[in-house]
Amino acid sequence: MIASLLNLSSILQFNTSVLDISDDNSLNLILIFFVLERILSFLEDFKKHHPPYIIYILKLSFIYIYLRRVIFIKLKIFRSIFALIIISIAILSIIFSNDIAQHIKSGIDICLNTVIPSLYIFTILSLFIIKCDIFSNNFFSFFTKIITGFSGDIGIVYFLSLFCGYPVGARLINELFKNGRITKISAEKMLLFCVNPGPAFCITVIGLGCYGSIELGAVFLVSCIASSLIGIRIYHPKIRESASKKPSPQKYGEGLISAVNDANRSILSICGWVIISVAIIKSLSSFESLKFFLCTLEVTFGAQTASQYYSIYFVSFLLSFGGFSVHLQALSNAKDFRPSYLKLLLSRFVFGIISSIFTLIFIKLFKIEIPVSQLHILPSSNVENPLASLCLVILVVSSFIYIHSKLERLKNKIRG
């Protein structure tokens, strides 16, 4: 420890005599320097290739601490460390701006070619169904009652979450809670088993795209559905529809406009999380020791990477787990009832393990041959994709219409 501190002191050309070791605040500052030194020593590969930048970052970090020492001693040590990390990230973003721009482009490619085409239309349709209450008190409601034990809104939202994929289920649950159709406890419990991958993602993107096998993609899908059905049985007694009077459904025209506007906000939020997750993954992909952790950040990139380096059971786990990016998307879409992230994280981890077990059972039971990974790289945004282009045009046009209507209402409010 002493050697590390002396090494850091020599790099920074810092006179340690200005600190009184008997002072707790001074000890906190020394501890901050030691933690920084330990972090940098961990990133040996980075230091070998860019030693001037590391020293530059250290010097700027020290100057910031030294000039703001009077303020920092009033803060907790972890807030000080967090501030240093933010400064370092900002400096690195400037130094490696070209690389980060390429990583962001990769995230945008995934949004244009995978996220928007596979989620946008389904998000609009599912919100339209909930807002206009289309499937209540009919055969579909009776069907959901048989499968899940829930009729009405709860059963419909569960099936839409399976059909549309994550994080549409979280958005629909938030819609039910906002309209007073379910209680807060019911919304929190529903979120635990309504964050599921859709058929198109499991079968096409992962099964066919990663392994060249539709059968294996179907196994992934059925395994995720089976684990979520277990979740329904676990939380069934705690889920109830609201006892208050159910609000009248919106008219079809009004419901469609509202569904498109809400879908725009949801898709933009989802794309934002996907882009930043992919940028982080790409930036840290050179560190082999972090590969396992990076697979859990974003499900599309993670499952594709896991298909090349890990077993199919880990891929099945990731599909049910969803990845931290999906978790954050679900939380942002469920902002009205503010669920506990710890409960969501633990439930997705348990359901991921259950999904892996079901995958093992189905492969052994049906004697499915495990193919070698045949990952097909996602097409670049330069490649013409009519569906992606159509969804993007609808997204942009409807966003402008929504902004224009908001501005008109604001003008009329000011004039009135």
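Aspartate 133 is buried in this predicted model, with a relative accessible area of 19%. Because the cut-off for burial is under 20% relative accessible area, aspartate 133, at 19%, counts as buried. The residue sits in the loop that joins helix H7, residues 97–132, to helix H8, residues 139–148. Across the sequence, 115 residues separate aspartate 133 from serine 248, yet in space their C-alpha atoms are 8.6 Å apart.

The secondary structure consists of 20 helices and 0 strands. There are 416 residues, and 46% of them count as buried. Among contacts with a separation of 6 or more, 76% are between residues 24 or more positions apart. The accessible surface amounts to about 21,800 Å², and carbon and sulfur atoms contribute 68% of that area.

I turn next to helix H11, which spans residues 184–193. H11 is mostly covered, with 7 of its 10 residues buried. These are Ser186, Ala187, Lys189, Met190, Leu191, Leu192 and Phe193. The partners of these buried residues are helix H9 (153–164), helix H10 (168–178), H13, H18 and H19.

How many residues does H19 have, and what distance does H19 reach from its first C-alpha to its last? H19 has 26 residues and reaches 37 Å, close to the 38 Å expected at 1.5 Å a residue. Its buried residues include Leu344, Ser347, Arg348, Phe351, Ile354, Ser355, Thr359, Phe362 and Ile363. In general, an α-helix has 3.6 residues a turn, so residues three or four places apart point the same way. The buried residues of H19 pack against H11, helix H13 (214–235), helix H17 (312–321) and helix H18 (323–333). Just after H19, lysine 367 adopts a positive phi of about 55°.

Finally, the contact between H11 and H19. At what angle do H11 and H19 pack? The angle is about 35°, and the two axes lie 8 Å apart. The crossing is right-handed. On the H11 side, the contact is made by Leu191, Leu192 and Phe193, which meet Lys343, Leu344, Ser347, Arg348 and Phe351 in H19. By class, the residues of this contact comprise 5 nonpolar, 1 polar and 2 charged. Leu191, Leu192 and Phe193 are also among the buried residues of H11, while Leu344, Ser347, Arg348 and Phe351 are among those buried in H19.

Notes. Residues numbered from 1 in each chain as written. Predicted model: local features only at pLDDT ≥ 70, side-chain atom pairs only at ≥ 80, totals over all residues. Heavy atoms only, no water. Axes fitted to C-alpha atoms, helices over the stretch in contact; angles between N-to-C directions. Helix = DSSP H or I, 4+ residues; strand = E, 2+ residues; numbered from the N terminus. Left-handed = near helix turned anticlockwise from the far one by under 90°. Contact = heavy atoms within 4.5 Å. Nonpolar A, V, L, I, M, F, W, Y, C, P; charged D, E, K, R; others polar. Expected span 1.5 Å × (residues − 1). Buried < 20%, exposed > 50% of the residue type's maximum accessible area, 1.4 Å probe, protein only. Areas by Shrake-Rupley, 256 points an atom, 1.4 Å probe, with all protein chains shown as cover.
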